[in-house]
There are 2 protein chains.
Amino acid sequence: MAKELKELTTREENYSQWYNDLVVKADLAENSAVRGCMVIKPYGYAIWEKMQRQLDDMFKETGHVNAYFPLFIPKSFLSKEADHVEGFAKECAVVTHYRLKTNPDGTGVVVDPEAKLEEELIVRPTSETIIWSTYKNWIQSYRDLPILCNQWANVVRWEMRTRLFLRTAEFLWQEGHTAHATESEALAEARKMLDVYAQFSEEYMAVPVIKGVKSANERFAGAVETFCIEALMQDGKALQAGTSHFLGQNFAKAFDVKFVNKENQLEYVWATSWGVSTRLMGALIMAHSDNNGLVLPPKLAPFQVVIVPIYKSEEQLAAISEKVAQITTELKQLGISVKYDDSDNRKPGWKFAEYELKGVPVRLAMGARDLEHATVEIMRRDTLEKETVSFDGIAVHIQHLLDDIQTNIYKKAFDYRASVTREVNSYDEFKEEIEKGGFLLCHWDGTPETEERIKEETKATIRCIPLNGDKTPGKCMVTGKLSAQRVVFARSY
Amino acid sequence: MAKELKELTTREENYSQWYNDLVVKADLAENSAVRGCMVIKPYGYAIWEKMQRQLDDMFKETGHVNAYFPLFIPKSFLSKEADHVEGFAKECAVVTHYRLKTNPDGTGVVVDPEAKLEEELIVRPTSETIIWSTYKNWIQSYRDLPILCNQWANVVRWEMRTRLFLRTAEFLWQEGHTAHATESEALAEARKMLDVYAQFSEEYMAVPVIKGVKSANERFAGAVETFCIEALMQDGKALQAGTSHFLGQNFAKAFDVKFVNKENQLEYVWATSWGVSTRLMGALIMAHSDNNGLVLPPKLAPFQVVIVPIYKSEEQLAAISEKVAQITTELKQLGISVKYDDSDNRKPGWKFAEYELKGVPVRLAMGARDLEHATVEIMRRDTLEKETVSFDGIAVHIQHLLDDIQTNIYKKAFDYRASVTREVNSYDEFKEEIEKGGFLLCHWDGTPETEERIKEETKATIRCIPLNGDKTPGKCMVTGKLSAQRVVFARSY
């Protein structure tokens with residue numbers, strides 16, 4: 001079968017192949033018949049649903065509502081904001097016709113040349129333009145503000161080199177688009193959503209992140225300021241896990257969205273947008289998993305506990321199943337999700353490997369002898385440690401174990417990141433150190449030219465100018481010019 | 001302001017305009033800058049989210065899992081199933097290019113002729129083809145079956161005449177796609193999901209439906225049998241609210257999907273697909289609402305209770321708010337959602353009209369005198385009846401009231417339907433009766449020709465051949481030929 005563990009490439013052999021093997025073999029996603037578009041398989045989608053539900057709750061707690069805007073954007077809309085069109089109009093799916101007809105030669109269908117659109121439609125790569133063209137009708141007065149909308153949607157960016165979850169032509173995401181009466185309120189909103197993303201990443205995904213600001217080169221096309229959270233993968237490469245943009249009045253000006261303020265004067269509206277995508281799945285997988293497969297944080301695992309019976313006869317199975325039903329009830333009362341795998345077409349050893357591959361946080365194995373001794377064998381996925389515990393108080397024991405796993409994998413990722421984050425003071429040292437991966441904290445003179453040069457010579461980019469931490473000025477490692485503070489460099493996904 | 005009630009056209013004046021006014025003025029949806037595509041506004045989307053959550057729970061309870069398949073379908077896939085291509089390839093959005101470039105004359109962007117796709121991509125009008133091309137890789141043996149997948153997605157059908165929610169070029173829906181080892185299992189699945197839809201419609205939307213089978217003319221393109229639920233709107237027109245298709249082995253044959261059965265023989269896989277869409281929003285609105293606005297069933301209302309304070313001073317407001325906080329806590333403990341509207345820029349009368357327009361099931365108004373007497377005024381939206389009740393036990397009182405409203409609006413819709421459902425025995429009578437609207441139960445000889453003739457002459461179609469009810473044979477009202485049972489005719493949306 002395709003599921004043999006030996007086929008999972010190890011991280012040491014080839015990290016990139018390990019990642020791809022894992023995504024496919026753990027049934028998370030696969031490539032589709034359409035170039036660059038993936039199929040998200042049920043197990044992968046179940047993790048994404050957990051992420052969605054949690055993020056959606058956090059958005060609603062911070063006062064946001066969901067809405068839905070069109071998939072298509074008229075071509076002319078993209079050109080209305082000068083920077084935006086540069087960033088997004090280049091690689092995108094263009095709808096030019098609205099009808100097919102039977103091929104005159106009788107073979108299949110062809111595009112009907114009569115059915116050409118007057119203006120081409122772009123499949124949304126992001127929705128600022130269509131949303132701000134809509135907000136124009138929603139906003140007249142300061143009383144109509146703020147607008148705090150989010151949408152869950154699919155978007156398309158025609159990427160040439162794609163990788164499952166990390167970079168695909170079509171991906172799923174949420175995009176928040178807010179409108180405000182004042183600059184400070186919009187800025188505060190962009191910062192607030194950055195905090196929501198950081199909290200989600202750390203508390204739910206167990207992935208520590210650095211919060212920061214992008215340099216001008218890396219800024220979202222159309223933004224005044226782009227805030228981001230940056231995570232570190234196990235191969236020492238950075239991954240941008242979420243962005244929150246302060247858009248100033250750029251889109252309000254592009255779409256002529258003004259409001260009457262309290263002083264009865266017409267003013268342009270202030271904007272933010274913020275998004276995270278199925279790319280988070282890539283971060284989740286790469287941050288924690290090992291050569292046996294996925295390691296999922298309990299808070300996002302589709303099921304947190306799997307129970308495997310070990311039996312030689314139907315009578316044994318019946319006795320085990322009865323006990324399992326009891327334990328399952330206790331676990332569910334504590335809000336713990338459980339799968340009991342009593343399928344008879346696989347041996348326990350196969351099941352053990354399968355659930356390790358799928359990253360189920362806790363595995364229980366129960367045989368006839370366990371039943372006799374009123375015990376069960378528990379394995380935790382993060383450390384692969386086993387213990388035998390008594391039935392008595394087992395649900396509470398597992399509840400604590402799940403909390404411990406959640407904390408432990410965060411700590412492991414945090415310690416790893418700490419171990420590969422260091423200050424570098426000269427460009428020579430930088431060139432050496434960047435080969436080892438990790439976050440390098442360096443002084444930089446703040447110019448796009450220097451940043452560009454470093455990128456060309458070392459393939460490293462400024463991941464962000466961190467919001468927290470050391471703010472001591474210094475001298476740029478490349479030019480020796482003044483630097484306001486150290487910034488974070490890394491090679492990245 | 002645009003929200004004045006007087007601007008809501010009455011049903012008697014112009015039913016179609018009343019519907020459109022209501023959708024726009026109650027902030028449910030509006031037309032967008034893209035022809036045929038709507039914007040679903042936050043209040044409308046909140047209702048859709050309630051529907052989604054409930055349906056999703058029901059799908060999961062019946063063993064289904066969610067997944068996600070690509071937005072795009074290679075043009076050649078559509079031609080693989082002969083009937084399917086006839087039904088779906090005609091009016092669809094066709095992606096022909098993947099890049100824009102700056103217009104040589106410097107004005108905006110134009111399609112880059114160099115970036116033409118080798119094979120055009122179709123924005124999915126439905127996903128049977130892309131999903132069955134995927135299932136081919138998932139299915140080898142009977143052990144891989146059944147596959148019970150659903151996806152929540154957007155789809156595009158290039159409709160020429162669109163109406164908010166009822167018929168839009170892009171719409172949101174769910175589509176279930178299942179694969180089975182036997183014909184009977186697939187048929188049972190199609191029937192099961194029809195029952196799920198009927199239950200959802202009746203218990204949650206409070207819309208009674210007839211379950212039936214479509215005639216060959218009205219069958220889904222590629223299906224062997226299409227099951228449907230048919231609802232009746234207040235203007236006497238029918239609305240197809242959901243369909244569940246038994247696809248036989250048509251798509252398995254088109255995409256060569258075979259499995260090894262228990263007898264070790266290769267066989268084609270059996271399939272179903274089933275879907276409901278944002279069209280349900282149209283059904284919900286049209287089934288219950290009145291000339292004052294929306295009437296929402298409590299089970300799908302974004303908030304079930306609104307509380308409006310009536311005060312002359314800040315002190316009065318403070319005292320009222322204190323009591324309201326107490327009542328709100330009690331209501332929330334019973335799982336009832338509440339909005340307290342203490343905004344000071346609108347008068348109570350304006351708020352009353354606004355929440356009637358938005359169909360909030362229960363409205364509480366509380367003034368200084370109420371506080372004195374420990375009472376509150378309650379209005380139920382369905383009947384507009386008011387009562388004054390004491391604080392004591394108010395939460396439980398409201399809980400019962402909500403149940404009663406849910407039951408009552410279902411009953412009202414049921415009684416209305418019963419009053420306009422009748423047997424008709426001659427074609428002359430039919431031509432007269434169809435003008436009055438409603439469901440006509442008639443004998444039909446079972447031929448597409450007769451059905452076609454009736455449609456041309458009267459604009460009525462066979463909504464379905466009902467699964468339940470009278471199965472007495474008779475004679476076709478048009479041709480006098482043998483009829484197996486009465487079928488349901490109506491004009492429809």
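Two strands are taken as paired if DSSP finds at least two bridges between them. This briefing concerns a predicted model, in which 54 residues of chain B are in contact with 54 residues of chain A. In strand 9 of chain B, Ala179(B) is the residue that stands opposite Ile147(B). The points below treat the sheets, one helix, the contact between the chains and two single residues.

**Strand pairing in chain B**
- Strand 8 of chain B runs antiparallel to strand 9 (residues 170-180) of chain B, and ten bridges join them.
- Strand 3 (residues 65-66) of chain B pairs with strand 8 (residues 147-156) of chain B in the parallel sense, over two bridges.

- Chain A holds an open sheet of eleven strands with mixed pairing, in the order 3-8-9-15-12-11-10-23-26-22-21.
- Its edges are strand 3 (65-66) and strand 21 (421-423) of chain A, each of which pairs on one side only.
- Strand 8 (residues 147-156) and strand 9 (residues 170-180) of chain A are joined in the antiparallel sense by ten bridges; Ala153(A) has Trp173(A) of strand 9 as its bridge partner.
- Helix 5 (residues 128-138) of chain A packs on this sheet and touches strand 8, strand 9 and strand 15 (270-277) of chain A. The direction of helix 5 makes about 35° with that of strand 9.

**Helix 9 of chain A**
- Helix 9 (residues 314-333) has 20 residues and spans 28 Å from its first C-alpha to its last, close to the 28 Å expected at 1.5 Å a residue.
- The buried residues in this helix are Ile320(A), Val324(A), Ile327(A), Thr328(A) and Leu331(A). They lie on the same side of helix 9 because they cover an arc of only 110° around the axis.
- On the other side of helix 9, the exposed residues are Glu315(A), Ala318(A), Glu322(A), Ala325(A), Thr329(A) and Gln333(A).
- The packing partners of the buried residues are strand 16 (305-310), strand 17 (338-340), strand 18 (362-367), helix 11 (368-373) and helix 12 (394-419) of chain A.
- Gly335(A) follows the helix and has a positive phi, near 80°.

- Strand 5 (residues 91-102) of chain B supplies ten residues, the largest share of the side of chain B that touches chain A.
- That side of chain B comprises 34 nonpolar, eleven polar and nine charged residues.
- Strand 5 (residues 91-102) of chain A and strand 5 of chain B run antiparallel and are joined by five bridges. Glu91(A) has Arg99(B) as its bridge partner in this pairing.

**Two individual residues**
- Pro297(A) lies in the loop between helix 8 (279-288) and strand 16 of chain A. Pro297(A) counts as buried because 28 other C-beta atoms lie within 10 Å, where 20 or more are required.
- Leaving aside neighbours within four places in sequence, Pro297(A) is in contact with Tyr204(A), Met205(A), Ala206(A), Gln406(A) and Ile409(A).
- Arg381(A) is 84 residues from Pro297(A) in sequence but 9.8 Å away in space, C-alpha to C-alpha.
- Phe414(B) belongs to helix 12 (residues 394-419) of chain B and is partly exposed, with 15 other C-beta atoms within 10 Å.
- Phe414(B) and Ala206(B) are separated by 208 residues in sequence and by 8.9 Å in space, C-alpha to C-alpha.

Methods. Residues are numbered from 1 along each chain as its sequence is written. Chains are lettered from A and ligands numbered from 1 in the order in which they are written. This is a predicted model: local features need pLDDT of at least 70, side-chain atom pairs count only at pLDDT 80 or more; totals for chains, interfaces and linings use all residues. Helices (H or I, at least four residues) and strands (E, at least two) are DSSP runs, numbered from the N terminus. Two residues are in contact if their C-beta atoms, placed from the backbone, lie within 7 Å. Axes are lines fitted to C-alpha atoms, for helices over the stretch in contact, and angles run from 0 to 180 degrees between N-to-C directions. The expected span of a helix is 1.5 Å times one less than its number of residues. A residue is buried if 20 or more other C-beta atoms lie within 10 Å of its own, exposed if 12 or fewer, and partly exposed in between; C-beta atoms are placed from the backbone. The arc is that of the directions from the helix axis to the C-beta atoms. Ala, Val, Leu, Ile, Met, Phe, Trp, Tyr, Cys and Pro count as nonpolar, Asp, Glu, Lys and Arg as charged, and the others, Gly among them, as polar.
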